Amino acid sequence: MIRRIIPLAFDHRVLFTRDAFDPANHALVELISEGDRAEPARLLVLIDSGVAAGNAELAPSVTRYARVHAEMLELAAPPVVMPGGEPCKNDWSLVERIWQLVNDHGIDRHSFIIAIGGGAFQDLACFAASTAHRGIRHIRFPTTTLSQGDGGVGVKNGVNFFGKKNWVGTFTVPFAVVNDFRFLETLPERARRDGIIEAIKVALIRDAGFFTEIESIAGRLAALDQEALEFVVQRSAELHVEHIATGGDPFERGSARPLDFGHWAAHKLEQVSGFRVSHGEAVAIGMAVDLVYSARIGLLDQATITRVLALIQQVGFDIFAPELMDVTEDGQLVILAGLEEFREHLGGELTVTLVPEIGRKIEVHEMDRVQVKAALEELSRLTAGAATG
């Protein structure tokens, strides 16, 4: 038997800038011009319809940028606006539409697909890019606080299938991620707030000092102060990329999902609520569930839970949703199915990340369903008490 191990190295470029499509900003040109190019790079630019609606000058700015830098860039077609938001990940025809654009405009593996949009749109567009021609270089332009600080700087792409989140997808390191802070200024309030919770999440599992910093600016974050938002988004992105680069399992070959604290309940809550609850809102609630559960099994002290829940609520999130108590016809809590779906997504044994203290995580391989139910009931009482108080 011949057995060889071939080490592979990946460059994961993440750039923070402002007004990336201002012709005076050379960040994108410099990214694409890495290496020797005899001809301009061909670009296919895809834009989330929600982003296009909030940034009327975006498509003309992309066209103007390419024209000014024509020695390095060539648009294969005018920027293409496509549906975004979570529903886009349920529409397989959008994947085929992107493939059709690739085919029609001669986009090859020396070309670039640029995806400008929120996290769901990034998942869709970069999945299509990573599967056309076995992988076309793609550049992510995440446009929300959630995607700039978390999913948009990662290496995962996917769409929903069989009614399950991200059932079809790829692990592909993007050519680059460009976080343009200007996009955050045009977001609706709800989308501006969502990314704060992922910053709290990554602080809880990796950086106690960052958690304290978030507490110190909680009032500014609650008011959606732009400077405060940019600070937590950038630090959140840095910690996420640090984990991907140094955590030892960037493509999730094992059973652990260490960056997904609070997510087993969050993913199911999104589905059960018909996506009434946004991803960020669901993560806030999912973390609350796991924190209260941790106290009930003796893993975490009550003072810490009170401190964390207070911060989550102070920056503008709920810690409970009525859908958590939905039951099946035979009286079982629907949310508990999220545990098996969480395990099934990676295979192997169930692995859930919990927090024994701020800044540190552990992984457990079983959840006491009686105590999970008790944690849900406790959160329901806490919420009801606050409402009546």
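# Close-up views of a predicted model

**Figure 1. Packing of helices α7 and α8.** Helix α7, residues 189–206, packs against helix α8, residues 208–216, at an angle of about 145°, and their axes lie 7 Å apart. The structure shown is a predicted model. In general, a pair of packed helices is described by the angle between the axes and by the distance between them. On the α7 side, the contact is made by Ala199, Ile200, Val202, Ala203, Leu204 and Arg206. On the α8 side, these residues meet Ala208, Phe210, Phe211 and Ile214. Sorted by class, the contact of α7 with α8 has 9 nonpolar residues, no polar residues and 1 charged residue.

Figure 2. Glu198 and Lys201 form a salt bridge, in which the closest N and O atoms are 2.8 Å apart. In general, side chains of opposite charge can pair when their charged atoms come close. Both Glu198 and Lys201 belong to helix α7, where they are 3 residues apart, about one turn of the helix. Are these two partners buried or exposed? Glu198 has a relative accessible area of 1% and is therefore buried. Lys201 also counts as buried, because its relative accessibility is 1%.

Figure 3. Arg235 pairs with Glu238 in a salt bridge whose closest N and O atoms are 3.3 Å apart. The two residues are separated by about one helical turn, because they are 3 residues apart in helix α10. Arg235 counts as partly exposed, at 23% relative accessibility. Glu238 is likewise partly exposed, with a relative accessible area of 34%.

Figure 4. Glu185 forms a salt bridge with Arg18, and the closest N and O atoms are 2.6 Å apart. Glu185 lies in the loop between β9 (176–180) and α7, and Arg18 in the loop between β1 and α1 (27–32), so the pair ties together parts that are 167 residues apart in sequence. With a relative accessible area of 35%, Glu185 is partly exposed. Arg18 counts as partly exposed at 29% relative accessibility. Which residues are linked with this pair in a network of salt bridges? The network contains Arg18, Asp19, Arg182, Glu185 and Glu230. In the model as a whole, the count comes to 23 salt bridges.

**Figure 5. Surroundings of Gly118.** Gly118 is located in the loop between β5 (112–117) and α5 (119–131). The residue is buried, with a relative accessible area of 8%, because a value under 20% counts as buried. Which residues touch Gly118 once its neighbours within four places in sequence are left aside? The contacts of Gly118 are then Asp48, Val51, Thr143, Thr144 and Ser147. Gly84 is 34 residues away from Gly118 in sequence, and the C-alpha atoms of the two glycines are 7.3 Å apart in space.

**Figure 6. Two residues with a positive phi.** In general, most residues other than glycine have a negative phi. Leu224, which is not a glycine, has a positive phi near 60°. Leu224 is placed in the loop between α9 (218–222) and α10 (226–246). With a relative accessible area of 10%, Leu224 is buried. Phe275 also has a positive phi, of about 65°, although it is not a glycine. The loop that holds Phe275 runs between α11 (263–272) and α12 (279–296). Phe275 is partly exposed, with a relative accessible area of 33%.

**Figure 7. A nonpolar patch on the surface.** Ile6, Leu8 and Phe10 form a nonpolar surface patch. Together, these three residues have about 380 Å² of accessible area. Leu8, one of the three, is found in the segment before β1 (14–17). Why does Leu8 count as exposed? Its relative accessibility is 66%, and a value over 50% counts as exposed.

**Figure 8. Phe162 in a loop between two strands.** Phe162 has its place in the loop between β7 (156–161) and β8 (164–171). The residue is exposed, with a relative accessible area of 59%. Phe162 and Val327 are 165 residues apart along the chain, and 21 Å separates their C-alpha atoms.

Technical notes
Residues are numbered from 1 along each chain as its sequence is written. This is a predicted model: local features need pLDDT of at least 70, side-chain atom pairs count only at pLDDT 80 or more; totals for chains, interfaces and linings use all residues. Side-chain values use heavy atoms; hydrogens and water are left out. Axes are lines fitted to C-alpha atoms, for helices over the stretch in contact, and angles run from 0 to 180 degrees between N-to-C directions. Helices (H or I, at least four residues) and strands (E, at least two) are DSSP runs, numbered from the N terminus. Contact means heavy atoms within 4.5 Å. Ala, Val, Leu, Ile, Met, Phe, Trp, Tyr, Cys and Pro count as nonpolar, Asp, Glu, Lys and Arg as charged, and the others, Gly among them, as polar. Patches are made of residues with over 30% relative accessible area and no salt bridge: like charges are joined within 9 Å, nonpolar side chains (Val, Leu, Ile, Met, Phe, Trp, Tyr) within 5 Å. Accessible areas come from the Shrake-Rupley method with a 1.4 Å probe; for residues, only the protein chains shown count as cover. A salt bridge is a side-chain nitrogen of Lys or Arg within 4 Å of a carboxyl oxygen of Asp or Glu. Buried means under 20% relative accessible area, exposed over 50%, partly exposed in between (1.4 Å probe, protein chains only).
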